[in-house]
Amino acid sequence: MVPLDHVIGLSAILFTIGTIGVVTRRNVIVILMSIELMLNAVNLAFVGFNRMSASAGGQVDGHIFVLMVITVAAAEVAVGLGIVISMFRNRDSINVEDVSLLKW
Amino acid sequence: MGFFDQYLLTILTFLPLGTALGLFGSGALALAMGRSGLPPALWRAVGLSSAGLNFLLSLRLFAAFDPTVTGMQMVEYGAWIPEYGINYYVGVDGISLLLVLLTTFLMPIVLLSSWTDISRSIKSYIFFMLFLETGMIGTFVALNVFQFYVFWEVMLIPMYFIIGIWGGPRRIYAAVKFFLFTMVGSLLMLVAILVIYYLSLEQTGTLNFDLLAPPWSEVPALLDTVIPVEGVWWQTQYWLFAAFALAFAIKVPMVPLHTWLPDAHVEAPTAGSVVLAGVLLKMGTYGFLRFALPLFPVAAIDLTPWFLGLSVTGIIYGSLVAMIQADIKKLVAYSSVAHLGFVMLGIFALNVQGMNGAVLQMVNHGLSTGALFLLVGMLYERRHTRLIENFGGVARPMPVFACFFGIVTMSSIGLPMLNGFVGEFLILLGTFLVYPGWAALATSGVVLAAAYMLWMFRRVMFGPVDIEENRKLIDLNPRERLVLVAIVIPIIWIGVYPEPFLRRIEPSVSQLVEDVRSRAEDQAAIALVGADVLEERP
Amino acid sequence: MVNQQTELLRWIPLLPLIAAAVHGVMIGLMRRSAPRWVVIALSCGSVLLSFALSCVAFVELTALPAESRFLVDTLYTWIGAGIGETRLAADLAFRLDPLSAVMILVVTGVGSLIHLYSIGYMDDDHREDKGFQRFFCFLNLFTFSMLMLVLGDNLALMFVGWEGVGLCSYLLIGFWYSDRFNAYCGSKAFIVNRIGDFGFLIGIFLLFRAFVEAGVPATLSFSEIERSFDAIRELTLAAPFWGPEWRLVNVVGLCFFVGACGKSAQIPLYVWLPDAMAGPTPVSALIHAATMVTAGVYMVCRLSFLYADAELASAVVAWTGALTALFAASIAITQTDIKKVLAYSTVSQLGYMFLAAGCGGYTGAMFHLVTHAFFKALLFLGAGSVILAMHHEQDIEKMGGLWRRIRQTGVVFLVGVIAIAGVPPFSGFFSKDEILVAAFTAHVPGHLWLYGIGLATAAITSFYMFRLFFKTFLGECRAPAHVRDRVHEPSNWVVKPLWALALLSLIGGMIGIPQVYGDSLHVESSHSLNNFLSPLFPAGAAHHLSHSTEVQMALAAVGMAALGWLVAWFLYLRRPELPARMAHSLGGLYRMLLNKYWIDEVYDALIVRPLVRFSDVMLFRVVDAGAIDGIAVNGTARGIRALADHGLKYLQSGLAQGYVFLMIVGTVAILGYLLR
């Protein structure tokens, strides 16, 4: 049995890496990948918790939530890539600093 | 007639807005059917008729008012959002009766006087004017605090537009200043309202925004909650009173919160100025009478010397600054500050004569200052300038105008046998009975008023006609004469025979004075504060 | 007391009011001017009718027994507020008692004569600002206001008339408004009057409050104030910051006297009266000689019960009156405008009236009021006649030798001059004599000095009046030739009323011959005016005079008049070159008198200019526009804008990542707070 701490620890590390990626990277696609990483880290945490409390009797709420998150992630990637394409068509760049028009 | 009387106040309040919406709807319908909408002339005519009809209805209100009964009359009550204690609750007493009458009286006059003044976006103008009338009457008759606040804020919107669209060169600045200034005060008042609401909930267990209990109900209302004099600072009477007073003092306007007024008046179109001076300025003093004094009597009595000082400052400061103005409209604006200083003085005298005079003077100020703005507007229409130096000897080409201007000037400075004197005399006498020093200082305002008005009158009306354009001025046309005669009639009537008006004000005013004193005593007894202040009063 | 109600009194002021209103409506509605006869009939008719009614009322009054000699006419409650003992009820009610009866007779009688005179005088169709009907409208309005003042049953109604006459004075002084100076004089009159009104109002308030404090029903009605007077006579008042306690009645008396100073042109508020001469001459005669300026004297007499008890106030009244009399007379001796001389003379004679009133001689004051109305109106109207004859020339240096050319005017003018100088048996002698007796026998501190000032002023009065007469009518005509040849007597409308006034000036004194002479002539109750009025006034505790002292005083007064005449005759007829030499050698003194002690300039520099400058610079620019608007209002707006501009806006970087970062920081913070 993998201890819960390890699972949550891994999840936290992945989440942090994902967050830093979102905040730091300039390439939009890398940002999208980092967001995916964050989402998957959360999935991991869900599964870990579910596994831990599964012994209390047949509940699969965590797993169901994971499925929802995967679905949402897929939809979000579709929309996000659409935005990336639109951005590239207008600005010829996928550098996130080039689309900061909505500022002071 | 029974139906009419039963819902008279509601009809009075919503008829103008209803007319405006009806016109709007008909116009939209006409557009949808392929025509080009309603012509502006139709809007003007219907708007004027609606305002006139409203005035006739208010005469019915005046006739139906029983002067021997104290308390609210013509009460109407309807649940609006009862879970939160927000109800539709209207009624008039002696104080609001005359103010409603003033509003409905001035509206047709204003619409008639701006017949040729406004030339673009006439439909919007009529819409906003009617909307404004609804807001004003609604504020005067509202007895549920939430409803009052709604109407109070609602009034700002059409006024902002009227100043901002049809005003003078600096109209945007003036409109924004007016709006923001008033709103800041109102927001603090809203916070105070919520605190009282919360206190009422604590003490009675029900959520209730009604100011006073309706005649058939035993549910305790806001006036019955005991607002502590000491305790948590933001729950005490003093701070709550200050919050309310701030909102109302900005509206009055009291010095030093008055600087929005000269700008708003100067930049507003003539009709806007008349309505602003005639009715909107009364909201502040009305608010003191209806809300601030009854809800926080101990604070009001304790802080009286401050308010007297500010009032007297307003009178003298307003008069002195008015004296050196170069723009006639600004001069009249500052004179309003001085006049309303008198009204505030009368209110804080807290006796029957003073308050009676104050309420009457509210009406008087509306009439005479409204008339002054109308007259200035007539001059402006002809010469497109308001600077005194551009005039001189105007009495020569415009003698009828000079005559009306003279009568209104004399009314403004309180000549006996005209309306201004009755109000000022009662106020000064009432105040003198309790605070002779302040009253004596305020009486000097009488001399200053004569000084600045007559100086202006002389420079504009008398002397040789030096400037060529002034020679070709055309005297008043019949429409303008009608408007001025309509205003001068009550000016003379109130001056010569004020009994019918005083008789109706008095029961409510004496009830208010009684109320404030006795409740202050009760509350002070509870809190052991301010009792010695109360003992000195005659 | 038996209460005599009558419906008659209301018509006395109402008729001129109706006439004024009709005039006003006619001017407003009619395109062309109304025909002259209509204006004359309406205006003069109403005043004459008023006079007739006044006579009827007077007769009715005299029919009543002396103890309850009054008539009351109540219309309705004008201002009523409050309940119980503090109730203010100012009724629209009129009261006719001997005092007001005398006044209404003077006002309507002399007023009618002046109305008739104006028909001939107001021929000003060549002016830009002409207004024959407008003039009569204002005259009627004035008559109404003055009648309200004297017939009013309470202080509030008296104040109505008080301000009303101020208004009409403003309208009539600045009547020819195309001239900027006239408008200025009108404004000056109104504003200085208003300063006096301030005092009047404070007096009313103090009185009302005193009643409230004393616990008696508060009232403003004269009869009730008199009845309840005992309750307040012992009350005292202390000024807020410094010590001594004053008796309330003294303070009230002083406050009302301030009002009287404004209305009746005493020191220090007399400055409007000489400038009021800018108005048409009938206005000067009616308002500034016979009626409006006497309102102050009437008021003091009306409140005689108060002044008799207020020693300090009465002393102030007497001394102010005396000093004003002397002061104004001294200015009059150098003036060269015929109307200005008469104006200062009026100020001086009003001083006499106040001197008498302050010394307790209320009947003397009223007597002089009546005789002064006669001869001063006569003098003013005569001066108007001279001005018309000289084609609007008012400088006496350019007159002279008119006795030959306009004999009628000259004769009546001479009658007026002799009357004012105080030569028996003309009316002025008797009234002045009564004033001097009152001063001599009064209890006012320094009353012998007052008597001395009165006597000296009599001499000066005689001097400058005869100087006026000599320079205007006698000697060589100094006018330019084209004027000299066209000098002629003005129309009958102008001249005939003068004869009536001259007659009154001559025999008017008969109503007040001191009883001493009456006894020697075996005429009973010759001191009729005194007998008529004295039941109203508090019995004077004056020293009693012996018969011989009275005769001596009369001789002294006549001697003074003769002295004045003698000096004038010497300086202006015998040795006409002397005055110029004296003026030259007494340069400074002469200039000071000629420039009226520069009081107007002093007021301007000390009060008017500083006030305007203070308001402009300090109040408007510094405080209003600078501090309140600039710093507080616009400053706040600018501050918030600066905050946003230099600080807050940089938060909106446009980078999504920045926002994400802030979100994370915020989330961590909240979680940290919740989970601690």
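Trainee: What are the ground rules here?
Mentor: In this predicted model, local features need pLDDT of at least 70 and side-chain atom pairs count only at pLDDT 80 or more, while totals for chains, interfaces and linings use all residues. Residues are numbered from 1 along each chain as its sequence is written, chains are lettered from A and ligands numbered from 1 in the order in which they are written, and side-chain values use heavy atoms, with hydrogens and water left out.

Trainee: What is the secondary structure of chain C?
Mentor: Chain C has 29 helices and four strands. These are DSSP runs numbered from the N terminus, with helices being H or I of at least four residues and strands E of at least two.

Trainee: What does its C-alpha trace span?
Mentor: The C-alpha trace of chain C spans about 120 × 65 × 55 Å along its principal axes.

Trainee: And how much of chain C is buried?
Mentor: Of the 676 residues in chain C, 58% are buried. Buried means under 20% relative accessible area, exposed over 50%, and partly exposed in between, with a 1.4 Å probe and protein chains only.

Trainee: Which pair of chains shares the most contacts?
Mentor: Chains B and C do, of the two pairs of chains in contact. Contact means heavy atoms within 4.5 Å. Chain A and chain B do not touch, and their nearest C-alpha atoms are 23 Å apart.

Trainee: How many residues go into the contact of chain C and chain B?
Mentor: Chain C gives 53 residues and chain B gives 59. The area buried between them is about 5,100 Å², with 71% from carbon and sulfur atoms. W78(C), R194(C) and F205(C) supply 13% of the area that chain C buries there, more than any other three residues. Buried area is the accessible area (1.4 Å probe) that two parts lose on being put together, summed over both.

Trainee: How many salt bridges between chain C and chain B?
Mentor: Two. A salt bridge is a side-chain nitrogen of Lys or Arg within 4 Å of a carboxyl oxygen of Asp or Glu. R180(C) and D466(B) form a salt bridge, at 2.8 Å from N to O.

Trainee: What about chain A against chain C?
Mentor: Eleven residues of chain C are in contact with 14 residues of chain A. That interface buries about 910 Å², 69% of it from carbon and sulfur atoms. On the chain C side, G654(C), L655(C) and Q657(C) lose the most area to chain A, together 47% of what that side buries.

Trainee: Is K177(B) buried or exposed?
Mentor: K177(B) is buried, because its relative accessible area is 6%. D263(B) also counts as buried, at 6%.

Trainee: Which salt bridge does K188(C) make?
Mentor: K188(C) meets D275(C) at 2.5 Å, N to O. D275(C) lies in helix 10 (residues 272–275) and K188(C) in helix 6 (residues 180–214), so the pair ties together parts 87 residues apart in sequence. D275(C) is buried at 12% relative accessibility, and K188(C) is buried with a relative accessible area of 12%.

Trainee: Which residues do salt bridges with shared partners join into one network?
Mentor: R170(B), K177(B), D263(B) and D629(C).
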